[in-house]
Amino acid sequence: MKIKIGKAVDNKLIINDPQVSRYHALLTQEDNGDLLLEDLGSTNGTFVNDCQIVKKKVFAGDKVSFGANYTLYVSDILKSDNDYSEEFARLKNVYDTYIREKIRIQSSSQFKTRLFQSLPFAVIGVFGIVMGFMGHTNKGLFIFSFVLAVCAPTIGIYFGARQAAKIPAQLQNLANQFKIDYVCPKCGTFLGEIPWESLRNKKQCPMSSCRAKWIRT
């Protein structure tokens, strides 16, 4: 990748500034991925973080000045080549976090649902049986223990259903935030639930009006 910078119309990054030369500087991505900024013999110089350079390895966050007036960051220069690879790389964490949280909600909710369904039955049911055994000669106590044993499953089903009802809302909230975060860094198009690795293989946004580069080439 090479981005030529200057006032001439055949540059990739055209800067209309009196102190910028026709062919002022060149940003090159080397085979190992490093970015190299080179001054092309400009009249007013090229500066990286306020230090004049002839040729220097740079990073996306470095400040670059062309002459005394025009300043921008290396990341801005990369955008002139439609390069959004750094922003796209951060989407991997967004996708991985979404999948982990989705699994956590589902597994946690299933466990709690089963617990709420079985615990009342076990506790109340056993209590009812004990009372029934103790009160086998007492008709009133026996009837009360029988009612407890019958009600136990109903109570368990009720609390289990309440817990299960929370799952769709939790998953919906998670999905809503995911739709906001997992988007093309340039055009903002939601990328669906396609794994990040699969998107990386596409190398660029499929929207014809965008075509943001997701992987530096």
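Accessible areas here come from the Shrake-Rupley method with a 1.4 Å probe. By that method, the protein's accessible surface comes to about 13000 Å², and 59% of it belongs to carbon and sulfur atoms. Keep in mind that this is a predicted model. Of the protein's 217 residues, 35% count as buried.

Now for the overall layout. You'll find nine strands and five helices. If you read along the sequence, the pattern is β-β-β-β-β-β-β-β-β-α-α-α-α-α. As for contacts with a separation of 6 or more, 43% of them are between residues 24 or more positions apart.

In soluble globular proteins, nonpolar side chains tend to be buried together. Here, the largest nonpolar core has 19 residues. Which residues have the most contacts inside it? They are Ile-5, Leu-27, Leu-37, Phe-66 and Ile-77. Several elements give two or more residues to this core: strands β1 (2–6), β3 (25–29), β4 (35–39) and β8 (63–66), plus the helix α1 (74–79). The largest share, three residues, comes from α1.

Zoom in on Leu-27 for a moment. Setting aside neighbours within four places in sequence, Leu-27 is in contact with Met-1, Lys-2, Ile-3, Leu-35, Leu-36, Leu-37, Val-58, Val-74, Ile-77 and Leu-78. Apart from this core lies another one, made of 17 residues, among them Ile-105, Leu-174, Leu-191 and Cys-205.

Back to strand β3, where Thr-28 has its place. Is Thr-28 buried or exposed? Its relative accessible area is 14%, so Thr-28 is buried, given that the cut-off for buried is under 20%. Not counting residues up to four places away in sequence, Thr-28 touches Met-1, Lys-2, Asp-34, Leu-35 and Leu-36.

Finally, the cysteines. A disulfide is a covalent bond between the sulfur atoms of two cysteines. How many disulfides does a search of the whole structure find? The search finds zero. Take Cys-184: the nearest cysteine sulfur is that of Cys-187, 3.7 Å away. Cys-184 is buried, with a relative accessible area of 1%. For Cys-210, the nearest cysteine sulfur is also that of Cys-187, at 3.7 Å, and Cys-210 is in no disulfide either. Cys-210 counts as buried too, at 6% relative accessibility.

Technical notes
Residues are numbered from 1 along each chain as its sequence is written. This is a predicted model: local features need pLDDT of at least 70, side-chain atom pairs count only at pLDDT 80 or more; totals for chains, interfaces and linings use all residues. Side-chain values use heavy atoms; hydrogens and water are left out. A nonpolar core is a set of buried Ala, Val, Leu, Ile, Met, Phe, Trp, Tyr and Cys residues joined through side-chain atoms within 4.5 Å. Buried means under 20% relative accessible area, exposed over 50%, partly exposed in between (1.4 Å probe, protein chains only). Helices (H or I, at least four residues) and strands (E, at least two) are DSSP runs, numbered from the N terminus. Contact means heavy atoms within 4.5 Å. A disulfide is a pair of cysteine sulfur atoms within 2.5 Å.
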